[in-house]
Amino acid sequence: MSMPPQQPGYGYPQQPYGQQPPPHGQPQWTPAPPPRQGMSTGAKVGLGCGIPVIGLLLLGACGAIISAGQDAKPKSAAPRPSPSRSAGAGSAKAAPLFVGENLKQAKAAADAAGYNAISHDAGPGNAGQWDDDNWKVCFQTVAAKPVAGIPTLDFGVVRNEWPCPAEDGAPIPYPKTPKVLGQTFAQASKALAPIGFERIEPQSAYTDVSVPASPDDWKVCFQDPEEGKEIQYPKTTTAYLKLTAPGTACPKTEYTQLHPDPTPPSTGDDNTGDDNSDNTSGSGGGGDSYYKNCTEAKNAGAAPIHKGEPGYRRALDRDGDGIACDR
């Protein structure tokens, strides 16, 4: 007796869900081997396809990193032209103006503005500027040939105490001494100040009068340098003003006494007597000896004459040291 086909049940291999055994008489169904744990057929396909994709992504990422690394490298900055040395700085229109300034200061300012600077004598001469601080700028032009390729300013200069000429190379109008006769010392000093004398020295117009410490109200009788004289080097020139006290008239000439010694009266016998007689006008041996001048005293052999000796008088003692005709 044949056995009926066994039904699936306990003790038989279980069929996958949803699959039925083959009909009776058909080949036995063989189940597919179970997939390995953690992997499916779909996963195999996905992984196989993903490897090239991941590789491309990795290559792309590496390229981006390399590119970013190259961009991150420091680049040397391109040299920039200095604003002060720009091409347009050399034009006369763009150049700062330094006329009237001290040459030393003008050169420093020109250099700060991007210019070289040279200088020349603005007068008819060709004096060199050994000390820039002693000169001032009268004229300014842009040099035709730049120095070292840098725009260059050419300054026409004169000494600080001189006025500028009418044009570059023209004669310098040196200052002239103004007339100060008749003015007070204070007024005269103010009038002479613009010339820049080394000093203005007051002196007495009379040899026997002293000047006070402050003679501002004394009147000028004589001046040296005289009116109209050109002063080329005032820094080494002294102006001398000879003065009289208020209310005192000026002498007619310099080196005059205000209170001269009185002239002794004539004895009337200057041309009398024999050759052996003493001549009181020239011997200097008597108390009444009188000498018209030092020449006469020297010819008589009386010079020098000390104060108290016969023939001494203040008019012959020019320096007031008590010794007449000693020079």
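Trainee: Which residue lies over the face of Tyr255?

Mentor: This is a predicted model, where local features need pLDDT of at least 70 and side-chain atom pairs count only at pLDDT 80 or more, while totals for chains, interfaces and linings use all residues. Residues are numbered from 1 along each chain as its sequence is written, and side-chain values use heavy atoms, with hydrogens and water left out. A charge counts as over a ring if NZ of Lys or CZ of Arg is within 6 Å of the ring centre and within 35 degrees of the ring normal. At 4.3 Å from the ring centre of Tyr255 lies Lys242.

Trainee: Is Asn102 buried or exposed?

Mentor: Buried means under 20% relative accessible area and exposed over 50%, with partly exposed in between (1.4 Å probe, protein chains only). The relative accessible area of Asn102 is 14%, so Asn102 is buried.

Trainee: Which residues does Asn102 contact, leaving aside its neighbours within four places in sequence?

Mentor: Contact means heavy atoms within 4.5 Å. On that basis the partners of Asn102 are Asp132, Asp133, Trp135, Lys136 and Asn160.

Trainee: Why is the pair of Phe98 and Phe155 edge-to-face?

Mentor: Rings of Phe, Tyr and Trp (its six-membered ring) pair if their centres lie within 6.5 Å; planes under 30 degrees apart count as stacked, over 60 as edge-to-face and the rest as tilted. The ring centres of Phe98 and Phe155 are 6.0 Å apart, and the pair is edge-to-face because the planes are at 80°.

Trainee: Which residues form one aromatic cluster?

Mentor: Arg159 has its charged end over the ring of Trp162, 5.7 Å from the centre. The cluster itself consists of Trp162, Tyr174 and Tyr233.
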